[in-house]
Amino acid sequence: MSNAGLVMKLSGCVIVTGGNRGIGKAYSQALAKAGVNVAIIYKSSKDAPDVAKKIQAEHKNIKVKAYQCDVSDLDKTIETFEQIDTDMGTVTGLIANAGVSVVKPAVNLTSEDFRRVFDVNVLGVFNSARAAAHLWKHNGVNNGRGSIVITASMSVQIINQAGSNEPLTQVFYNSSKAAVCNLSKGLAAEWAPRIRVNTVSPGYVSTDQTDHMDKAIRDHQANNVPLKRFAKPEEITGQALLLLSEHASYMTGGDYLVDGGQLIW
Ligand SMILES: NC(=O)c1ccc[n+]([C@@H]2O[C@H](COP(=O)([O-])OP(=O)(O)OC[C@H]3O[C@@H](n4cnc5c(N)ncnc54)[C@H](OP(=O)(O)O)[C@@H]3O)[C@@H](O)[C@H]2O)c1
């Protein structure tokens, strides 16, 4: 009798947008560990190809490669996903994870700030999902089937605090994550039954996005999480791998919190 425990059977290639650093890099590492090829999408970080090579070197039985692609450009995203399917084997899953924030008081936010955030967090996620659906529905890749996991945020439901009764001023970010959560449900409805679409909503995670904040803000936030700390990026990955796997064959249109209990309050 096998004592392997819970096995996530993933095959072919999974694409991770923003897979070169932060939560996305942890996704790339977890997928490589699970034995599936990984295509990392990045925008401009020069070390992304080296990140891919390093993960590849740790997992010799699979392929890991970085592709430069701005996900706010639909044509480039479709072209890149087709190239990945040719280079890396059948694309079976997507983690649409790339995201940005602009932290400013609302009265100082500009139309440019709006486009900067929504072009990545909403349009970029849509373009990535559409490029995957183009492969599956249009080109019949993987028998037209696939699983999409979108990184939303607990900020869909709450306004993060910078201090007691004091908001972290990022209304475009919060509203973009609420938008993408609803977008996910709409795509899940339109693309069922062959394509499943879900969101994972992290709480506070130690990454470049949060490490630059004042220590006082981070301490306040960490102290108010029931688990009393930020997550490490790798602690977010389990839910997404589950959603990509056959264990989630009846799960679509859902939003799954990985927030250290923050939404209890
Ligand atoms: N950190 C948190 O506490 C937290 C909490 C909840 C949700 N989230 C969400 O989790 C996701 C990852 O966050 P993170 O903290 O790991 O972020 P991060 O460390 O700041 O990394 C952002 C990633 O997105 C990529 N990216 C940005 N714009 C892009 C574009 N136009 N096209 C392609 N790639 C692009 C970046 O590529 P380059 O390296 O090339 O710039 C980078 O890989 C985001 O959606 C974020 O909103 C984070």
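This tour visits some aromatic rings and then a helix.

Before you click, note that this is a predicted model: local features need pLDDT of at least 70, side-chain atom pairs count only at pLDDT 80 or more, and totals for chains, interfaces and linings use all residues. Residues are numbered from 1 along each chain as its sequence is written, and side-chain values use heavy atoms, with hydrogens and water left out.

Rings of Phe, Tyr and Trp (its six-membered ring) pair if their centres lie within 6.5 Å; planes under 30 degrees apart count as stacked, over 60 as edge-to-face and the rest as tilted. That rule gives three aromatic pairs here. Select F114 and F118: their ring centres are 4.2 Å apart with planes at 15°, so they're stacked. Both sit in helix α4 (residues 111-138), four residues apart, or about one helical turn. (Helices are DSSP runs of H or I, at least four residues; strands are runs of E, at least two; both are numbered from the N terminus.) F118 is buried at 16% relative accessible area, while F114 is partly exposed at 36%. Buried means under 20%, exposed over 50%, partly exposed in between (1.4 Å probe, protein chains only).

Next, select Y204 and F230, stacked because their centres are 5.2 Å apart and their planes at 15°. They're 26 residues apart: Y204 is in the loop between β8 (195-202) and α6 (208-211), F230 in the loop between α7 (215-223) and α8 (237-244). Both are buried.

Last stop: helix α1. Its buried residues include Y27 and L31, and after the helix comes G35, with a positive phi near 90°.
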